[in-house]
Amino acid sequence: MATTTGDKQKRRERNALLKNYYGLSPTQPVKTDPMNIDDASFDALKYFAKLVKDQPLNTLIKVDNGLVGEVQEIEGDMKTLVYENYNKFISATDTIRKMKTNVEQMESAMNKLNDKMGQISAHNGRVHSALAGNRHKVQQLDNVHHQLQRLQFIFALPNRLQQCHQDGNDTQAVKYYARARKLLDHYRDMPAFQSIERECAAVMDKIKQDLWHALTKHDTPLAQINEKTKLLVLLKEDPPRLWAAYTDACLASSTPITSPNESNNTIAALINTRIVPLEDVARHFRAFFLSSVSETSETGSVLHLSLDDHDHARKHLLTKLQPRIDAIFDTMNGIIDGKDDRVDQVKDLMTLRDAFDNVPALAATAAVDTRFNEYFASWEAQLVDTLILTTPKAIIDRIDTFHREQPEKDPKFVRRFLEDLSLWLAQHLKAHALLPLKACVQAMSEPCRAPFLTRLQQGWKTMWMDLADALMATKLNASTTLYAMTLARLCYNVADHEVLQCYQDLSMQLYGTMPSYDTPHPTIAPHLIDDANDLMDHFAAVGKHLVNNQIRVDGYGLSTIVQTCYEDDEDEETDEKALTLSPAWTRIMAHFQMLAQWMHAIFPTFAHDHSQQQQQQQQQQQHQEHQHLRTNSSNFGSHFGDDGVDDASDSATAQHLPPPLLPAGLGLVPRMGGPDFSLMHNIDKLFAEHVAIYSAVDPSARGVIDGLARIVLKAFQEAVRLTHAIDTRRYQQLQLDAEFVQRALWTMAASDKWINTMLQDILANAYLRCSQPINLPPEVSLKSVTQRKISKHLSPPCVS
């Protein structure tokens, strides 16, 4: 029992130490659970008693089996741990045994080494003590010996120089003279050394003459030129004369400016025969004449020039090298342009890039690396211009050719042409631009690939923007309606499909973007998404711009027809003539009909079904409100269907034929008169919906007719307002025209609410200004309308 109490005390102390190490407060209350078999406070007797009390026999058997299984598992884990620890113990024992053996061997070796070092130290001490008295004398004698050797070399120098010159060994002679120059200069005032210096100078003058002669010969190899120049530098010859002679000799012995075999030039030959030799010339020149003051040479073969001489030498070298460099780039340009395969061009350019990266002397002297980078950038720009930026002109040319070859202006051909153009554009961009560019990118080295892809990204966006600008700059007039709608549909096609398809192909071919269905742009590289979105928005805006501007141009022309019509009617005496529909409206409605056919063919997918449903519901409601007038209007509808504006023979159209708006006269301006008419009319105008004349037009048949009709009705309104005098006949003519316009536009415009508003305002204005405003009876007006029919075969009116 005492032993158990001691173990518990040790366990508590150990637990306290662990808690202190891990930052746990020893006073922190610890939750204990005596019924938890894994808890430290587990009470086996209580657990067993509770288990026997609460659980049936089957559960007790299961718990017993589980405990037996866990005990066996724990015993297996313990055996495994014991086995592993036993293996580690055996391995540790072997390691300790080996270490003990090695340490014993090392200890004996260290003892032997220590004995030898002691012997060496003893011998060294004896030698040092034996030579201590004569060390200073030995040093003095050694210095004297060196001085005698130098003097002996100086006295024998003239003979040495003469012998070297006779043997043709000028290099050794110059080296001897360079070694002795300081000593000769130091003892120049002594007579014995003066005679030696004169003899040496006489020999060196002959050597200098030979060196200059060899340097100025045209057949001297480049290696010998460098060697002769090096010797002359050692002799400290005049620097300007020396660098001028050196550059002339080197350039004369190297490849001429224009190669005799220009037609057989290759990039490898250009590098080996012209770039590398020129780099050698520049490198040696810089080593001889343009070295910095901090650079030294063991042989003294470096001239340390002043700043002015340094600048003059650099300018001289650049002047001499520049024509050669220009010739190299001209030849390089001819070789590159002479190859039809752009991949071969890229390979040659990569070879040249490596070559120009390995000419540091030419780069420092003439900046040839920068010049090549500019040439390479120019080649890339030309490649982008040729493969990508020619596409807008090709598209415009195809559109112009189609419209020249299709004078009949059949909208079916326009739709087919747009489909063919989309197919051609996708094939053209892939075959003519994308695949060749992919091959070029693959042939480029890794450092060149990223900048080129950036240039390509800008090139693709520039191509689409150029196409948009070309379409935006189209000059519109009265005869370009079909042409403008074709261009507008092309813009919408590009915005909806072509740009997205282009950037998807671009991402897959050049950036390796694989298809994914987790993003709104599944196959577009992330850095291209903004460009694609900008282009799609821009082309949609250009298409909208073309539609709106062309509608305004057509509206101006049709407005002129309306104004001219009523100005002419004002000048004519028409009291005796029967009322008929004004001819201007026949032409205008024929133009509307033709434009609607074009828009249905060119923009079949831009119909606004929701707006059409709302309009049909509104028309049905009006039809029910005026059901008592259907009988009076049925004859009018059946005759009106033959004019080509609205075919009443069609059951759907006949069913929704609009009734007269009000039950008097033609239905547009009933019960006008009375003392309060002007006031009521002004109140109606105050609460009438505002009609935006030049609002944006939707690219659909109803949207276009709606926008064009607003402009025409505004012109109608202004023509009536500017009419000087309105009599009864003119008022009835306006009433007849307004009724015809209302019924003609009912099926073509997007909404009839603003049509009714504008027509009512026109006739109200005419009524207030007419001296005797008398409405036409229905039978007269219907007969007059049916007498003037719109032919389906009328040519488009000239609205210019």
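Reply: At a relative accessibility of 7%, Asp-706 counts as buried, a term that means under 20% relative accessible area, whereas exposed means over 50% and partly exposed lies in between (1.4 Å probe, protein chains only). This is a predicted model, in which local features need pLDDT of at least 70 and side-chain atom pairs count only at pLDDT 80 or more, while totals for chains, interfaces and linings use all residues. Residues are numbered from 1 along each chain as its sequence is written, and side-chain values use heavy atoms, with hydrogens and water left out.

The side chain of Asp-706 meets that of Arg-710 in a salt bridge, at 2.7 Å from N to O; the term denotes a side-chain nitrogen of Lys or Arg within 4 Å of a carboxyl oxygen of Asp or Glu. Arg-710 is likewise buried, at 14% relative accessibility. Both Asp-706 and Arg-710 belong to helix α25 (residues 701-722), where they stand four residues apart, about one turn of the helix. Helices here are DSSP runs of H or I with at least four residues, and strands are runs of E with at least two, numbered from the N terminus. In general, side chains of opposite charge can pair when their charged atoms come close.

A search of the whole structure finds 17 salt bridges. One of these joins the side chains of Asp-326 and Arg-371, at 2.6 Å from N to O. Asp-326 lies in helix α11 (residues 307-337) and Arg-371 in helix α14 (residues 368-387), so this pair ties together parts that are 45 residues apart in sequence. Asp-326 is partly exposed, at 28% relative accessibility, and Arg-371 is also partly exposed, at 29%.

A further salt bridge is formed by the side chains of Lys-339 and Asp-348, at 2.4 Å from N to O. Here the two partners fall into separate classes: Lys-339 is partly exposed, with a relative accessible area of 30%, whereas Asp-348 is buried, with 11%.

Salt bridges also link Asp-311, Arg-314 and Lys-315 in a network.
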